Amino acid sequence: MNSPFDIEEIFPDDGDDPVRLPRQQTGRSPQGTAVTLLADYTLRTRAWLPSGAIVALLAESEVSNASARTAISRLARRGVLEGRREGRHSFYRLSRSAAVNLSVGGGWILTATATTRSWDESWTVVAFSLPQERSTQRRALRGQLRWLGFAPLFDGMWISPHELTVEARAHLAQFDLGAVAVFRGRWVGLDAASDRDPLAAWDVAGLAERYENFLDRWRPVLPRIASGEVGGAEAVRTRTEVMDTFRRFPTLDPQLPLRLLPAGWLREPARETFVAVYDGLAPTAERHVRAVVARFAEGASPEVRAHTTADLLAGVPTADRRESPT
């Protein structure tokens, strides 16, 4: 799956190491935070927001003004945002393609962490051979495979327990003919010290730790949400952070069959906690974002609308609005 987010926020580039396992995320990027923030409140309307309002909202998530403006500029160059000027003021909104992608991706985040597919004990293997001088294409292919739920068992050999979807086939077909081959079959263990279990492509212990850390971080927030103690700025910051963290899980843990995982796998409890935090703070956060935008737009901002996880599962329709932001 292509995404307005950068796959290397989750899997930093290791060059050409034989096997690149997931590594602990050390922080959120300003670009990732900006995309999450804009998607959370303008996805369905593609509302134009003053750049000053975006910078102010990012400041509440501890992104400096300079970093915020740099992130906005880079997102515009990447085609994630569209920009325009009205007099001395700049406005930005999600591009049409980014909004559609984020809508689809939001549903994928929730469905990928909610269901467990049946498994026939077969593995899909993607083998590729690209020379070192085509490093850009190698990197793009690896990123594409990550989004599709594959992991590297060896360099040039990536695996998934699931069959290729029509969409996945189309994505892989974009690469040069002869560079990629796909197989599906069962693993034949050699019962030898040199044998490598397919599950070794994923850092299962690291995934378990991430789920535990997620629950330790967010479960204590639930009583405060229920009692109405979370204010506007904190509500926005919390929703942004919980989404920016949880959206990584489908890529780190792409619905590996439960029979391969330790007992008591925490995928479902983490999803339930995410839904409770994200949905529980939606009304408060929406009011705050509208208030901040109104300070810079000289008026109310009815097009600022928070969506819930139910909206994401249903598919958030994205407007194709061409009028001026004023």
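Predicted model: local features only at pLDDT ≥ 70, side-chain atom pairs only at ≥ 80, totals over all residues.
What covers the buried residues of α12? Residues are numbered from 1 along each chain as its sequence is written, and side-chain values use heavy atoms, with hydrogens and water left out.

The protein has 13 helices and 7 strands; helices (H or I, at least four residues) and strands (E, at least two) are DSSP runs, numbered from the N terminus. Of its 326 residues, 47% are buried, where buried means under 20% relative accessible area, exposed means over 50%, and partly exposed lies in between (1.4 Å probe, protein chains only). A contact is a pair of heavy atoms within 4.5 Å. Among the contacts with a separation of 6 or more, 79% are between residues 24 or more positions apart.

The cover over the buried residues of α12 includes α1 (30–42), β1 (49–50), α2 (51–59), α9 (232–246) and α11 (267–280). Helix α12 itself comprises residues 282–297, and its 16 residues should span 22 Å at 1.5 Å a residue; the end C-alpha atoms are 22 Å apart, which agrees. The expected span of a helix is 1.5 Å times one less than its number of residues. The buried residues of α12 are A282, A285, H288, V289, V292 and V293. Seen down the axis of α12, these buried residues fall within an arc of 135°, so they line one face of the helix. The arc is taken over the directions from the helix axis to the C-beta atoms. An α-helix has 3.6 residues a turn, so residues three or four places apart point the same way. The face of α12 turned away from the buried side carries the exposed residues R287 and R295. After α12 comes E298, with a positive phi near 55°.

One of the elements covering α12 is α2. In α2, 8 of the 9 residues are buried, so this helix is largely enclosed by the rest of the structure. The buried residues are S51, G52, A53, I54, V55, A56, L57 and L58, and they pack against α1, β1, α3 (65–77), β3 (89–94) and α12. The axes of α2 and α12 are 8 Å apart, and the two helices pack at an angle of about 135°. Axes here are lines fitted to C-alpha atoms, for helices over the stretch in contact, and angles run from 0 to 180 degrees between N-to-C directions. The two helices are therefore oblique to each other: angles under 35 degrees count as roughly parallel, over 145 as roughly antiparallel, 65 to 115 as roughly perpendicular and the rest as oblique. The crossing of α2 past α12 is right-handed; a crossing is left-handed if the near helix is turned anticlockwise from the far one by less than a right angle, and right-handed if clockwise. On the α2 side the contact is made by G52, A53, A56 and L57, and on the α12 side by H288, V289, V292, V293, R295 and F296.

Helix α3, against which α2 packs, has 13 residues and reaches 18 Å from its first C-alpha to its last, close to the 18 Å expected at 1.5 Å a residue. Its buried residues are A68, A71, I72 and L75. They cover an arc of only 100° around the axis, which puts them on the same side of α3. Their cover includes α1, α2, β2 (81–86) and β3. Exposed residues A66 and R77 sit on the face of α3 turned away from the buried side. Just after α3, G79 has a positive phi of about 85°.

Helix α11, another part of the cover over α12, also packs with α7 (residues 204–218): the axes of α7 and α11 come within 10 Å and cross at roughly 30°. That makes α7 roughly parallel to α11. The crossing is left-handed, with Y211, F214, L215 and W218 of α7 meeting R267, P269, A270, T273, F274 and V277 of α11.

Two threonines of α9 complete the picture. T238, in helix α9, counts as buried at 7% relative accessibility. Leaving aside neighbours within four places in sequence, T238 is in contact with W218, V277 and L281. T240 is also found in α9 and counts as buried at 1% relative accessibility. Not counting residues up to four places away in sequence, T240 touches R28, T33, T36, L37 and D40. T240 and S61 are 179 residues apart in sequence but 8.3 Å apart in space, C-alpha to C-alpha.
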